[in-house]
Amino acid sequence: MKGGWLRIYAIGYLVFLYLPVVLLPMFAFNEGTVIAFPLKGFTTEWFVQLAGIEALHGALLNSVFIALVTASLSVIFGICAARASTRFRFPFKGPIMGAIMVPLVLPEIIVAVSLLVVVVQVLDLPLSAWTVIAGHTLICTPFAIAILSSAFQGLDQSLEEAAVDLGETRWGAFKNIILPLVSPGIVASFLICFTISLDEFIIAFFLTGAEPTLPVYIWSQLRFPTKIPAVMALGTLMLVASLIILSVAEYYRRRGVERVGGKDSGGFL
Amino acid sequence: MSIISLKAIEKYYGDYHALKGIDCEIAEGEFFSLLGPSGCGKTTLLRVIAGFEDVSSGTVVIGGQNMAGVPANKRPTNMVFQSYAIFPHLSVAENVGYGLRRARLPRAELAEKVNGALKMVGLEGFGGRASHALSGGQRQRVALARALILEPKVLLLDEPLSALDKKMREQMQTELRRLQRQVGITFILVTHDQEEALIMSDRIAVMFEGEIAQLAAPQELYRRPLTRRVGEFIGVMNFLDARQVDTGISQVRFDVDGLGEVEIKPEQLPKGARSFYSVVGLRPEALSIVYDGSPKSAVPGKVVDLSYYGDMTYYEVQLEGTSSPVTISMKNLTSRPVLERGAETQVTWDAGSLVVFAS
Ligand SMILES: Nc1ncnc2c1ncn2[C@@H]1O[C@H](COP(=O)(O)OP(=O)(O)OP(=O)(O)O)[C@@H](O)[C@H]1O
Ligand SMILES: [Mg+2]
């Protein structure tokens, strides 16, 4: 009955993973102010309430701004590092690449505290969205490098040389040949960095200035039980938004793979 | 008039000496091959000409112009890569027209040139195809069209046929040769296949370990290899130990193991100093099995093995006084029955086809 146990395990795993996610929209449309069964009636009141909270809108905008800048910076750094590591040989390449990847496994609390010390004590700068961006870029760049390295690795090196041979400059060959071919990797790493930054809490909590990010704002609201249904509604909206983003990303990734005639392997959906 | 002249090219990769003093002139309109075993530096030399590798010392002159400091995109050469390097995200027509993008031609003129190039390589009407949906042979043709459309002074080909199956390869060999005659551009072909080099080239440079061992036309290379190693690399060659007996005015006499005394003309001797002990090289077709008549020089031998090819039979024949058997090729005629393994026979040779190597 080995298969039977495996099946039970798989079902249990999926329930554990998705039940909370399913509960989120359930309570978002529940009329009661307390998060408990049985459900009362259907309402969209919490969503209406959301629309009226100014502070929330500020936090959301703040988070989206931070996530966009973080994702852009991480992808740019990622492209540079991935290209350097796959295309060139240089001394101490191993240790250097290792050092760049370390934030991947470093506890975020350590990154957060040390950045706080550096920013406040050493550099004497005010905390702002930019300090959060610095922290987020630090932890997102390794993800971008990991994804982009595999994209660059899969490229035939002579493609670039062929373009140069046909009269293109080094930069032109990179822009017209290499970038289009790694664009699925760029889109994927951008979205992953965007999501990581959007829901990152610890670094944002330590480094944020007067304007909190969305996770920090939500955390501050959890102290007030009456606000919880609104938080549920907010969570539902974010769930829908991330599903849409993911589908769009997957669509572009598949199209990219198809265009170059590759075999589709991996991907999110 | 030479289109390319290489003078004392040295190339080091760190401590590794990849090219050791390459000197060579390549004539305009020539089909030139670089032939050698894996790792001998053929690709490196081709990349030096294309401008993808810097030389450690020495000069590359193309079309009368010193190429020092001239990057690959400014050189009058184009390359067909071993992997073809077709841009997978562009269509066939976009691939072929890629090099003309900077010229900013009117659309109609560009399309005309692209069609012309595709027609030249036998891919008329393929322009709209996605380039990843092509067969190996078609990719090869696209790569050729893409390079030739720029009308380079020199076309460089790095083992362009090695990824094709045997049938396709043979077809492309003749086609490449025809194309080269048609466009009149100098082709430099890198290959490790000696047969391919012999079939296609006007001249061949045989390379071993970063040096040119011999540079000659195919016939000369086959008939008069300069060293034993070249002889062995090009086709099949039998080697027999020999001792010089005496020197006349127009000939030298050698005592060859297995054959006895043989008269050798001066042009068959190695250039420069030669020693008393030598090695004599013989192609399989320079030896023959005696079927009728009794030639004045014939020695007994025993067939130890044979391979039957339909048109030809290759015999392994053990001669008296030699350690290993020699290979003899015979055309199969009805009047010449194929010998059995173990048969005793007479072997004769064509003295003019012998090559003497300094041992
Ligand atoms: N970038 C490099 N760095 C270090 N060594 C290299 C580099 N490129 C080539 N070599 C070395 O130089 C030698 C010649 O290489 P090359 O590629 O020219 O050989 P080749 O004759 O083309 O062989 P093949 O038939 O296998 O393609 C090889 O021993 C190779 O290991
Ligand atoms: Mg090579």
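Predicted model: local features only at pLDDT ≥ 70, side-chain atom pairs only at ≥ 80, totals over all residues.
1. Domains of chain B. The domain assignment divides chain B into domain 1, covering 2-229, and domain 2, covering 236-358. The C-alpha centres of domain 1 and domain 2 of chain B are 39 Å apart. Their contact involves 4 residues from domain 1 of chain B and 5 residues from domain 2 of chain B. On the domain 1 side, the touching residues are 1 nonpolar, 1 polar and 2 charged.

2. A sheet in chain B. Chain B has an open sheet of 5 strands in the order 13-12-11-14-20, and the pairing is antiparallel. Strand 13 (260-264) and strand 20 (355-358) of chain B are the edge strands, each pairing on one side only. On average, neighbouring strands of this sheet are turned by 40 degrees against each other, direction ignored.

3. One strand pair. Within chain B, strand 11 (residues 238-247) pairs with strand 12 (residues 252-256) in the antiparallel sense, over 5 bridges. Thr247(B) is opposite Val252(B), which belongs to strand 12 of chain B. In general, strands of a sheet pair through backbone hydrogen bonds.

4. Contact between the chains. Chain A contributes 17 residues to the contact and chain B contributes 20 residues. On the chain A side, helix 7 (157-165) and helix 8 (170-199) each supply at least two residues. Helix 7 of chain A gives the largest share of that side, 6 residues. By class, the chain A side that touches chain B consists of 8 nonpolar, 4 polar and 5 charged residues.

How values were computed
Residues numbered from 1 in each chain as written. Chains lettered and ligands numbered in written order. Pairing = 2+ DSSP bridges. Helix = DSSP H or I, 4+ residues; strand = E, 2+ residues; numbered from the N terminus. Axes fitted to C-alpha atoms, helices over the stretch in contact; angles between N-to-C directions. Domains from an automatic or database assignment. Contact = placed C-beta atoms within 7 Å. Nonpolar A, V, L, I, M, F, W, Y, C, P; charged D, E, K, R; others polar.
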